[in-house]
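Visitor: I would like to learn how to read a fold. Please take me through one.
Guide: Gladly; here it is.

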Amino acid sequence: MDSSKKTLVLGATDNPDRYAYRAVHQLKRHGHEVVPVGIRKGQVAGLDIHTDRPQETDIDTVTLYVGPQNQPGWYDYILSLKPRRIIFNPGTENPELEQKAQAQGIMTEEACTLVMLSVGQYDK
């Protein structure tokens with residue numbers, strides 16, 4: 001699918017009550033390649049959750065499900081992926097990381113991945 005946006009979900013989980021779990025499922029359902037990264041091993045939507053920091057290429061979007069207090073340890077990794085954009089889902093807003101990303105030409109959005117997918121705004 002040409003419109004597929006390779007998305008890294010940071011904070012991925014196998015807990016169906018979490019938004020990150022729903023996001024992985026919805027991204028796949030919408031035809032996107034998904035790289036789930038979390039702190040615990042498991043599976044979500046048939047994908048293994050990476051507990052390391054996989055050196056992926058061609059990441060279009062990093063969507064965050066990690067609170068700002070836990071993000072500093074991920075800054076270098078996130079920025080090393082050189083994504084086109086970072087989505088700060090509700091509760092993950094972080095002006096420091098937004099500033100660092102924007103300084104490297106990475107677009108940032110404070111938005112909800114699930115809402116963006118449901119209203120057709122994700123691929124914009």
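Visitor: Which strands does α3 lie across?
Guide: Helix α3 lies across β5, β6 and β7, and runs at about 150° to β7. Contact means heavy atoms within 4.5 Å. Axes are lines fitted to C-alpha atoms, for helices over the stretch in contact, and angles run from 0 to 180 degrees between N-to-C directions. Helices (H or I, at least four residues) and strands (E, at least two) are DSSP runs, numbered from the N terminus. This is a predicted model: local features need pLDDT of at least 70, side-chain atom pairs count only at pLDDT 80 or more, and totals for chains, interfaces and linings use all residues. Residues are numbered from 1 along each chain as its sequence is written, and side-chain values use heavy atoms, with hydrogens and water left out.

Visitor: In what order do the strands of the open sheet come?
Guide: Two strands pair if DSSP finds at least two bridges between them. Here five strands form the open sheet, in the order β2-β1-β5-β6-β7, with parallel pairing. The edges are β2 and β7 (107-110), each pairing on one side only. Neighbouring strands are turned by 15° against each other on average, direction ignored.

Visitor: Are the faces of β6 covered or open?
Guide: In a regular strand the side chains alternate between the two faces of the sheet. Both faces of β6 are covered: R85 and I87 on one side, I86 and F88 on the other, are all buried. Buried means under 20% relative accessible area, with a 1.4 Å probe and protein chains only.

Visitor: What hand does the β6, α3 and β7 unit have?
Guide: A crossover is right-handed if, with the strands pointing away from the viewer, the path from the first strand over the helix to the second runs clockwise. This β-α-β unit is right-handed. β5, α2 and β6 also make a right-handed one.

Notes: Buried means under 20% relative accessible area, exposed over 50%, partly exposed in between (1.4 Å probe, protein chains only).
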